[in-house]
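Subject: Structure handover and notes

Dear colleague,

Here is the structure I said I would pass on. My notes follow it, starting with a single residue and ending with the confidence scores.

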Amino acid sequence: MRTSLAVEILAKRFATTRLREGYDPSDVDDFLDQVVRAVEGGTDVAALVDGARFASTTFREGYDMTEVDDYLDEIKERVASAGETAAADAAPGVVAGGPEPRRAPSSGTTLPSPTLPAGTGGLLDWFTRRRRG
């Protein structure tokens, strides 16, 4: 039997982002499915939520990071107050300064600077030479 919280989690929709950082929608949706199974199975939802990490997106559609983080914190609070799991009472509090975003660790790859070396400006160099010449 589905609890009202599980049904609400399955129906939740988040605002989307484009051209700014957001969470990968498939990562968040898959994770919410895990949360529903934890709520229904009576396992430690707080630990599951605390361990959540999502890949981020910038140039393709993503879920608003703040909205997702706030909703996951709300789930933890509701589970703890409703007593849906015995372990939820042992959930750690929020650290001063606010929680860290639930971004997956980066691969360590850094992208090169978007600046071009001198003399490789293409059309700009052509116009500059034309004006001088």
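Does P25 count as buried or exposed? P25 counts as buried, at 18% relative accessibility, where buried means under 20% relative accessible area, exposed over 50% and partly exposed in between, with a 1.4 Å probe and protein chains only. P25 sits in helix α2. Leaving out residues up to four places away in sequence, P25 touches E61, G62 and Y63; a contact here means heavy atoms within 4.5 Å. From P25 to G62 the C-alpha distance is 5.6 Å, although 37 residues separate them in sequence.

Two notes on conventions. This is a predicted model, in which local features need pLDDT of at least 70 and side-chain atom pairs count only at pLDDT 80 or more, while totals for chains, interfaces and linings use all residues. Residues are numbered from 1 along each chain as its sequence is written, and side-chain values use heavy atoms, with hydrogens and water left out.

Overall layout

The protein has five helices and four strands, in the order α-β-β-α-α-β-β-α-α along the sequence. Helices (H or I, at least four residues) and strands (E, at least two) are DSSP runs, numbered from the N terminus. There are 133 residues, and 29% of them count as buried. Of the contacts between residues at least 6 apart in sequence, 82% join residues at least 24 apart.

Nonpolar core

A nonpolar core is a set of buried Ala, Val, Leu, Ile, Met, Phe, Trp, Tyr and Cys residues joined through side-chain atoms within 4.5 Å. The largest one holds 23 residues, and I9 and I75 have the most contacts inside it. Two or more residues come from each of α1 (4–11), α2 (25–41), α3 (45–50) and α4 (65–82). Helix α2 gives the most, seven residues. Setting aside neighbours within four places in sequence, I75 is in contact with I9, L32, V35 and V45.

Aromatic residues

The model contains four aromatic pairs. Rings of Phe, Tyr and Trp (its six-membered ring) pair if their centres lie within 6.5 Å; planes under 30 degrees apart count as stacked, over 60 as edge-to-face and the rest as tilted. The pair of F14 and Y71 is edge-to-face, because the ring centres are 5.8 Å apart and the planes stand at 75 degrees. F14 lies in the loop between α1 and β1 (16–17) and Y71 lies in helix α4, so this pair ties together parts that are 57 residues apart in sequence. F14 is buried, with a relative accessible area of 9%, and Y71 is buried at 5%. F14, Y63 and Y71 form one aromatic cluster; Y63 is also one of the residues that P25 touches. K12 lies over the face of Y71, 4.9 Å from the ring centre. A charge sits over a ring if NZ of Lys or CZ of Arg is within 6 Å of the ring centre and within 35 degrees of the ring normal.

T3 lies in the segment before α1 and is partly exposed, with a relative accessible area of 27%. V39 is another, 36 residues away in sequence and 7.9 Å away in space. E40 lies in helix α2 and is partly exposed, at 34%.

A backbone point

L19 has a positive phi of about 60 degrees although it is not a glycine. L19 lies in the loop between β1 and β2 (22–23) and counts as exposed, at 68% relative accessibility.

Confidence

The pLDDT, the predictor's confidence in each residue from 0 to 100, averages 78 for the protein, and 62% of the residues score at least 70. Over residues 84–98 the pLDDT is below 50, and this stretch has 19 contacts in the model beyond near neighbours in sequence. Residues 109–116 also have pLDDT below 50, with one contact counted in that way.

Regards
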